[in-house]
Structures are given as C-alpha cells and as structure tokens.
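Subject: Handover of a structure

Dear colleague,

Please find the structure below, followed by an account of what was found in it. I would be grateful if you would read the two side by side.

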Amino acid sequence: HPNYQINSDIICSICKTEYKIKGKSREDLMKELTGDEIIKQIKIGYVFISSKESSIKNIKMLEEYKDLEFQENIKHWTNSVFLIVENNNGIIAINTNRTIQESFYMDIYYQIYNEYLNINKLKNIINIENIYIGGPCDEKQIFGLIYIKNINDFKVNLKNVKIINENENNSLIFGEYKYIYKLYQIKPENIINLHIYIGYAGWGLTQLHSEFAKTNWGITNIKIELLYEKKNYEKIEEKNCLFVKKNIYSIN
C-alpha cells in the first residue's frame, strides 16, 4: 500500500527506524561500472576511441541536422582517436583523426595557426594536411606532437615539453608548439614525424569514467606510427580495444 512506502529507501516501513546505509557517490558508481582494468589504462600515452555504435549514431545525426555549429561539435566525437597527454585530476587528450581540412571552418583554423606563427616569430614548416583539430577546448592553444629518433643527441632540457611514449631510441614528445618547433630546428634530420593540433579535449575523471560506462569509448595502446597515419580510426580494430560491457547505465 502507498501509505507504507513513504521514504522506504530511508526509513523502515515496519519499525520506522532510519537506515544507516550510506549511498555511494557518483564517482564510486562510475568506477564500479567502468572497472579497474580500464581505469588502470587511462594514462598518458594510451588512446581511447569512439565506439562504432556511437559514431554511426553521430553520422546519422550529421545527415539529419545541417546546422554548422552542431555538425562541428558532433564531429569531435565521431570516429575519433584521442591520445591522452595529461592525467592529473582530470584528463586532457588530443584527437589524432581529424584534420582542419575536414572542417567547415578550415580557413578560420588556418588563420589561427598563422597568427600563432606571427606572434611567436616562427616559420611555416608543415603542410596543411598535418594540422589537426585537437578538440573543442581553447582553440587559440596550439600544440605539437613530434616523433624523434635519438633524443639524447639534442642535448636540451625538456622541461617545457613532455615525453609521451618511447620506443627503443625513438621518443614521442608533446607540448606547446613553439617549444616543439625549437626541437625541430635543432636537428631536422632526426625528426620522424610532426603533427600540429589546434585545441584539445578535457574531462573530469568521473565524467570520463561515465563515458566509458556508457560504452561510448574503448581504450587501447597502439604503435606510435599509427598516430601519424591518416584516417587512423579505420585502422584500429575495436576487438583490440577494451570496452565496458552493456549495462543498465548504458542501456538507459
């Protein structure tokens, strides 16, 4: 009877005693759904990709809704491959699968890039097809991801940049582009590859855990070379990525 169900999750309907059970926080719930195995892999140098299912849904929305601003926003999360570059009370990552040439606002992005060069007195050393949209946050920020062989030959202090990954004598280094540019200038012959990223994407840890819990993302570790390949989303097989299984949270 409804009269006996009042506050039934807080007070016993028989003896009217208040329960002493503490509810779990959203963070704890999301961690449980995401699982320790995925949480341990949310670290610098790993990538997470949008699921095929969520990307297909986004593509259908892109076909239906033609508003440019809506389209630009959805494209950040469609067939995306985000490289984690920061994990400190939150996650910062850059999308390695969307060049500015794929944007309706390509001219604006290229103008931002050229203004950055002028302000920092840098020369253009890169082709436009190697300039990417890192994400929707702070589009005035420009970063570089450079792949270098024999970094010890450079004999420089790397305090302004970050080593993301290392493979034998090769190093993957991320940082604000003006510092990456200086590395390039020291020994161009040692540069294996270089891409530029305008903007970035960011999540709080609980926020990102919930995205994984919804099964929107899968995480994996890939060869460095694959980060520089065009359309790399198509080359990363979902079966090699760790996804959360369908659950009550993802279904609803």
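The lining of the largest cavity consists of six nonpolar and three polar residues, with no charged ones; here Ala, Val, Leu, Ile, Met, Phe, Trp, Tyr, Cys and Pro count as nonpolar, Asp, Glu, Lys and Arg as charged, and the others, Gly among them, as polar. The residues concerned are G45, V47, L83, N165, L172, N221, I222, I224 and L227. The volume of this cavity is about 40 Å³, and a search of the whole structure finds one cavity of 30 Å³ or more. On a 1 Å grid over the protein atoms alone, a cavity is a set of points where a 1.4 Å probe fits but cannot get out, whereas a pocket is an open set with protein on both sides within 12 Å along at least five of seven lines; lining residues have an atom within 4 Å of a point. Grid points are joined across faces, edges and corners, and a volume is the space filled by probe spheres set on the points.

Please note that this is a predicted model, in which local features need pLDDT of at least 70 and side-chain atom pairs count only at pLDDT 80 or more, while totals for chains, interfaces and linings use all residues. Residues are numbered from 1 along each chain as its sequence is written, and side-chain values use heavy atoms, with hydrogens and water left out.

As to the chain as a whole, nine helices and ten strands are present (DSSP runs numbered from the N terminus: helices H or I, at least four residues; strands E, at least two). The C-alpha trace spans about 80 × 45 × 35 Å along its principal axes. Of the 252 residues, 42% count as buried, that is, under 20% relative accessible area with a 1.4 Å probe, protein chains only.

The largest pocket holds about 350 Å³ of space. Its lining comprises 16 residues, and S54, N58, E211, K214 and N216 lie nearest its centre. Two or more lining residues come from each of α3 (52-64) and α7 (205-213), and α3 gives the most, with four. By class, this lining has three nonpolar, eight polar and five charged residues. The second largest pocket holds about 210 Å³, and its lining includes I59, L62, R98 and E102. That lining divides into two nonpolar, five polar and five charged residues.

The largest nonpolar core has 25 residues, and Y113, I142, I148, I173 and Y177 have the most contacts inside it (a core is a set of buried Ala, Val, Leu, Ile, Met, Phe, Trp, Tyr and Cys residues joined through side-chain atoms within 4.5 Å). The largest share of this core, five residues, comes from α5. Apart from it lies another core of 22 residues, among them V85, Y132, Y147 and L172.

Finally, T215 lies in the loop between α7 and β9 (217-220). T215 is buried, with a relative accessible area of 10%. Leaving out residues up to four places away in sequence, T215 touches S51, F243, V244, K245, K246, N247 and S250, where contact means heavy atoms within 4.5 Å.

With kind regards

How values were computed: Buried < 20%, exposed > 50% of the residue type's maximum accessible area, 1.4 Å probe, protein only.
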